[in-house]
Structure formats: C-alpha cells, structure tokens
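Open the model in your viewer and keep the selection panel at hand. The stops below say what to select next and what is there.

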Amino acid sequence: MVDPLVAERIHADINANDVVLYMKGTPVFPQCGFSAKAVNILNMLGVKFKGVDILADPSLRQGIKDFSDWPTIPQLYIKGEFVGGCDIMRDMLQSGELQKTLAAKGVAFEASSRVG
Amino acid sequence: MPMTAEDIERLIVQALPDAKVKITDLRGDGDHYAAHIESAAFAGKPLVQQHRMVYDALAVPGTAPLHALSITTVVANQA
C-alpha cells in the first residue's frame, strides 16, 4: 500500500510535468550510475524533465516503488504514465520507441538525435 | 547472503523454464549484474511487463535484494 499522502504528491508531480524522472540524486549530480544513464538519455534527446531525488525523502524512496509496482530506481513517467527504468529507456532509445512515445504524447524533443 | 550469478539464473529459469539466460558479473563483486534473457514467454508483451516478469522471478522472500541488475529481454522465436 502506498501512503496516501505520498501517492498524492506523486500524482501531483506526474500530472503537472510532462516528463518526470524519479532518481537517486539530481539531474546535475546523479548519485547512481543507472540514474546518470537515464539523465543522459533525456539530455541527449533534449527533453525537458523534472528530476525528483528520492534519496532526499525516505517515504518517497519506498513510495514510488509501490506506486509504480517497480522495484528499482530510476523510474520514468511521461504524461502521467509509467514508462520504465533505465534499461527500458536504453532499449526504447535504440529502437526509436522512446522518440515515438514522446512524439505521440506531444512532448518536445530533438528529433535529429541519433545514437551511434 | 548476496545472490550469485547461478542463483539469479536458477530463479529466472524457475519462473521462465524456456529462458536462455546469460548473467554477467559487471564488477566481479557479486553485487552488480547484467542479465540477458531470451524467452518465448515475452512474446507480445510490452517491455515493462517483460522486465516485471524478471523482477518477479527474483523477488524471493528471504533473499537479499540485488544492489544493481541491468536487464535485457529478448523475445525468443517460437519453434
């Protein structure tokens, strides 16, 4: 069960921001390699996003895992919808599915970005 | 007790009997692994669900959670 207050905060964040990354550390100073990779992917695509540092809040650290039913951090939300963790972001970037998802949801990004 | 590569492979195959599993110990510290899993059970399922199947397989009560596991899932061609 997710604490209702924590769930309310998550709802507010993912509804007020097109793209939200729940992560360890901040986009400028990620505290974990997986979170850093997720930030890199979003930066590479030029996507504006809100980073939420779950290390700064113990209730959120467990709360986001229960909320998404996903055991790991980082976690990406686009337009209020859970997309996945850093491995899924990597796979979706390589297949172009991440770009398609952003476009389909009307989120601005740099379409010319290519991964070698 | 941290999980060994063999533990991870065994748990995944228990849940997905057809799975071809390749585990890499990324740092040789028994705590950071990459798992490459090929199974026909992933067919037609979104990536999120494929990864959840792997997480579920590894969520065994009494075992310490892995510190870091990178997952790659591949849909096996059905014969």
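In which strand of chain A is the place of Tyr22(A)? Select Tyr22(A): its place is in strand β1 of chain A, where strands (E, at least two residues) and helices (H or I, at least four residues) are DSSP runs numbered from the N terminus.

Before going on, note the conventions. This is a predicted model, in which local features need pLDDT of at least 70 and side-chain atom pairs count only at pLDDT 80 or more, while totals for chains, interfaces and linings use all residues. Residues are numbered from 1 along each chain as its sequence is written, and chains are lettered from A and ligands numbered from 1 in the order in which they are written. The model scores ipTM 0.85 and pTM 0.90.

**Stop 1: around Tyr22(A)**

Stay on Tyr22(A), which is buried because 29 other C-beta atoms lie within 10 Å. The cut-offs are 20 or more other C-beta atoms within 10 Å for buried, 12 or fewer for exposed, and partly exposed in between, with C-beta atoms placed from the backbone. Leaving aside neighbours within four places in sequence, contacts of Tyr22(A) include Val52(A), Ile54(A) and Ile64(A); a contact requires C-beta atoms, placed from the backbone, within 7 Å.

**Stop 2**

Show the strands of chain A. Four of them form an open sheet in the order β2-β1-β3-β4, with mixed pairing; two strands pair if DSSP finds at least two bridges between them. At the edges, pairing on one side only, are β2 (50-53) and β4 (81-84) of chain A. Inside the sheet, β1(A) and β3(A) are antiparallel over four bridges, and Tyr22(A) stands opposite Gln75(A) in β3(A). Three bridges join β3(A) and β4(A), also in the antiparallel sense. In the hairpin of these two strands, select Lys79(A), which takes a positive phi near 50°.

**Stop 2: the cores**

Next, select Val20(A), Leu21(A), Tyr22(A), Met23(A), Ala38(A), Leu42(A) and Met89(A): these have the most contacts inside the largest nonpolar core, which has 32 residues. A nonpolar core is a set of buried Ala, Val, Leu, Ile, Met, Phe, Trp, Tyr and Cys residues joined through C-beta atoms within 7 Å. Elements of chain A that give two or more residues to this core include α1 (4-16), α2 (33-44) and α4 (86-95). Apart from it lies another core, of eleven residues, among them Leu16(B), Val54(B), Leu69(B) and Ile71(B).

**Stop 3: strands of chain B**

**Stop 4: where the chains meet**

Finally, show both chains. The contact takes nine residues from chain B and six residues from chain A. On the side of chain B that touches chain A, α2 (47-58) and β3 (68-75) of chain B each supply at least two residues.

Notes:
Contact = placed C-beta atoms within 7 Å.
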